[in-house]
Amino acid sequence: MDAAGITLPQMQFAFAIGLLGVYIGWRGIIAKMTGFYDMAGAFKYLLFGIVSGMVFAVASDEMILKFGVIESQLNILTAFFVSLLIGASESALVLFLLGRPKIVALRSSTPYGWTLGLGMGAMFTSVLIVRLFNSELTSDFSGFDIISILIALSIAVIACLGNALISTYQGVGILTSTRFKTFYVSTLCRGVLILGLIFVLWQPLIIIFFSTVIFYYWPTAQTKWLPLGMTPAASQAFRRTIRQDEKIRIAADNRVRGERVKNTQELLDIDSEE
């Protein structure tokens, strides 16, 4: 990747924005499930995603963004075919990592898939933002200013959450014995995501499309995909914990100053009565 036209602080800022997407994705779901999953294993798979994601990010940059778009050596169909090849490679790696017997036995394919996707998305984001901050990019939005920073933040959220959703979907396929179906679907989704986010550098409004898709599947990931990796008892305890947290928050917001908020045991009794 050619870094000419961008300073070292700008490059560091680009990678910091990429990692910000990891923080948002982690706090959005995984942090709520502490105690129900192996967090150490989830963090390890996050590192796997960062390492492997850099390889795929550089491949996307060199084979599509630089060779195909900047140098105009590829048409749109050829660029999409290359993005599908890269997406298939990513899906194959995710299938291998999440489908190992030890991971399947622990039913950890879905949470590990989420963190694996976050790491892969962060590295792809960082490479795109480096290109965006480069004033030599032939785009009306290139350079280092407030507009490009806002676009970079949007790319970080879309790339990290998008990859996390796709990888989690593959984890669902592993646990439900539909590996090949989810492999083909995830390959197509990754190809569209890779090529679409590259085009965002020139047409930022494409972000609206990806935002809509992620907003649609976000509740599904929270309520169906990730809890699928829990045992029935753990899943029941998790749902009970979520309800208790909501009741505690409402009780704290509505209490009269000087009155005691119901403790956890009281809320458990109420929950059991319901």
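**Reading a helical chain**

Guide: Helix 6 is mostly covered, with 23 of its 30 residues buried. Buried means under 20% relative accessible area, exposed means over 50%, and partly exposed lies in between (1.4 Å probe, protein chains only). The model is predicted, and local features need pLDDT of at least 70, side-chain atom pairs count only at pLDDT 80 or more, and totals for chains, interfaces and linings use all residues. Residues are numbered from 1 along each chain as its sequence is written, and side-chain values use heavy atoms, with hydrogens and water left out.

Visitor: How many helices and strands does the protein chain have?

Guide: Helices (H or I, at least four residues) and strands (E, at least two) are DSSP runs, numbered from the N terminus. The protein chain has 10 helices and zero strands, and its pattern along the sequence reads α-α-α-α-α-α-α-α-α-α. Of its 274 residues, 46% count as buried.

Visitor: What span is expected of a helix, and what does helix 6 reach?

Guide: The expected span is 1.5 Å times one less than the number of residues. Helix 6, residues 146-175, reaches 44 Å from its first C-alpha to its last, close to the 44 Å expected. For the 23 residues of helix 3 the span should be 33 Å, and the end C-alpha atoms are 32 Å apart, which agrees.

Visitor: Which residues cap the N-terminal ends of helix 6 and helix 3?

Guide: Asp145 caps helix 6, with a side-chain oxygen 3.2 Å from the backbone nitrogen of Ile147. At helix 3 the cap is Asn75, where a side-chain oxygen lies 3.2 Å from the backbone nitrogen of Leu77. Among the buried residues of helix 3 are Ala79, Val82, Glu90 and Leu98.

Visitor: How is empty space found?

Guide: Rolling a probe the size of a water molecule over the atoms shows where empty space is left. On a 1 Å grid over the protein atoms alone, a cavity is a set of points where a 1.4 Å probe fits but cannot get out, and a pocket is an open set with protein on both sides within 12 Å along at least five of seven lines; lining residues have an atom within 4 Å of a point. Grid points are joined across faces, edges and corners, and a volume is the space filled by probe spheres set on the points.

Visitor: How much space lies in the largest cavity, and which helix supplies the largest share of its lining?

Guide: The count comes to one cavity of 30 Å³ or more, and the largest cavity holds about 80 Å³ of space. Helix 2 supplies the largest share of the lining, four residues. Residues lining this cavity include Gly53, Phe56, Glu90, Asn163 and Arg190. Ala, Val, Leu, Ile, Met, Phe, Trp, Tyr, Cys and Pro count as nonpolar, Asp, Glu, Lys and Arg as charged, and the others, Gly among them, as polar. By class, the cavity lining has six nonpolar, three polar and two charged residues.

Visitor: What lines the largest pocket?

Guide: The largest pocket, with about 370 Å³ of space, is lined by 17 residues, of which Gly162, Ile166, Cys189, Val213 and Tyr217 lie nearest its centre. Helix 6, helix 7 and helix 8 each supply at least two residues of this lining. Its residues divide into 15 nonpolar, two polar and no charged.

Notes
A polar contact is a pair of N or O atoms within 3.5 Å; within protein, one must be able to donate a hydrogen and the other to accept it, and residues adjacent in sequence count only if both atoms are side-chain atoms.
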